[in-house]
Amino acid sequence: MSLLELDDVKVHFPVRKGILFDRTVGHVYAVDGISLTVEAGQTYGLVGESGCGKTTLGRAVLRLVDITSGGVVFDGTDLARLPGEEMRGFRRRLQMVFQDPLGSLNPRQNIESILSEGMAAHGIGRDQGERREKIKDILAKVGLPANALSRYPHEFSGGQRQRIGIARALVLEPDVIICDEPVSALDVSVQAQVINLLEELQQQLGLTYLVIAHDLAVVRHISDVIGVMYLGGLVEEAPSDVLYESPRHPYTKALMSAVPVPDPEVEDARERILLAGDLPSPANPPSGCRFHTRCPWAQERCASERPVLTDLGEGHKVACHFAREIEEGTVEQTRSTGIDAVVATKAVVRKDAEVAQEAGDPAAAGVPSAAAESGADASVGAGRPGTGTAAAEADAGGADEAPAVPAQSTAESADAGERSPGTG
Ligand SMILES: Nc1ncnc2c1ncn2[C@@H]1O[C@H](COP(=O)(O)OP(=O)(O)OP(=O)(O)O)[C@@H](O)[C@H]1O
Ligand code: SF4
Ligand SMILES: [Mg+2]
């Protein structure tokens, strides 16, 4: 039995409208039928474009969002159906490390207070003295000095703060840690240190990780298995090396083709797949295969029939009707994958603007900034899925650009959403 098993998990957020009568006018299909398993002591890497539902899936495992349907079986117990009180006991065993280390640490609490909060809530340590000793031990494990105890989050660098975030999870002695974009807010040089630390801790403590990232390079080395998400669903899953050597789903191929190769000859010769268009809205996902509006190989069947994630052998699972034919080269491309895909997208936007100008609509005819840029960016940025929609970009930017000492509102939002799931 696997330690963590997700069975057809769906998280649909209702979209409500109305002032007097609150009525549901639709749903955001953030997570729409995900099944995966994470083995004890292993790392499952989950990658995908901004807004594809990675964080929502992580939060669903911890029951921080309501699960619409499906099962989340952890160590033999289905958490999705567990009453709140019983879930509390499991919260300690499943911890989360967040992307924005500063935003997720209360600026008014010192490190000892931040780390002992969850311990006290879960009855770890007989008194504060015992808890302090354990915290010192964990701080040493994550590479922080013991005198960090009396200091405040703003006195640390970004990398150190992420170590505090990891320590906060570790003091609760969890089995599983869900790391949501654990290094995206950090400098590249510090990213590697934090990833190495996570690996060391896994070996020492036998931890199981679900690592969420939009950057393929981040999950590659740390993951045993990688799952690629697109618009609420898994499109491909394979052992890490296999996925990198032979991606089979057209979306994964596009992501991989944008990752630079250090060898200049290989870099110049390799084929890049540039995706036209932007990630569709999860509130109005395309019919059939969700990727058919951007897929270079989309056929008629793709618009009506949703492909199922199917094992093509040795655990390499792909959700594509034509995975074999694409591999054999026996199916025609229906869309360009070259630079003209980008040019085509820009041309459509330009044409729309010209039409609007002729029709005398200055707003639509203005510099096609938002639409044009996001369209072009999404195409060019196939390997940088974080550069998806403008709205999602604004969200991510907000977290990255948090001031050194966050304002009250940052602390408040951290209180409400992200801080200490373990104490919940
Ligand atoms: N509480 C909520 N209510 C309504 N919609 C939500 C809620 N939380 C997330 N969403 C929507 O669900 C979709 C998936 O969001 P999610 O944060 O899971 O994406 P993500 O893959 O983590 O993106 P990113 O890489 O930007 O962090 C988005 O369209 C988002 O706007
Ligand atoms: S099912 Fe069709 S649209 Fe979807 S990835 Fe495969 S070829 Fe492309
Ligand atoms: Mg996210």
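Me: Two residues are in contact if their C-beta atoms, placed from the backbone, lie within 7 Å. Leaving aside neighbours within four places in sequence, which residues is Tyr152 in contact with?

Reply: Pro107 and Asn110. This is a predicted model: local features need pLDDT of at least 70, side-chain atom pairs count only at pLDDT 80 or more, and totals for chains, interfaces and linings use all residues. Residues are numbered from 1 along each chain as its sequence is written, while chains are lettered from A and ligands numbered from 1 in the order in which they are written.

Me: Why is Tyr152 called partly exposed?

Reply: Buried takes 20 or more other C-beta atoms within 10 Å of a residue's own, exposed takes 12 or fewer, and partly exposed lies in between, with C-beta atoms placed from the backbone. Tyr152 has 17 such neighbours, so Tyr152 counts as partly exposed.

Me: Where does Tyr152 lie?

Reply: In the loop between helix 4 (128-141) and helix 5 (158-170). Helices (H or I, at least four residues) and strands (E, at least two) are DSSP runs, numbered from the N terminus.

Me: How do you know that strand 1 and strand 2 pair?

Reply: Pairing needs at least two bridges found by DSSP between two strands. Strand 1 (residues 4-17) and strand 2 (residues 23-38) have 12, in the antiparallel sense, so they pair. In one of these bridges, Lys10 partners Asp32 of strand 2.

Me: What makes strand 4 a partner of strand 1?

Reply: Strand 4 (residues 69-74) joins strand 1 over five bridges, also antiparallel. Five meets the requirement of at least two, so these strands pair. Leu4 stands opposite Phe74 in strand 4.
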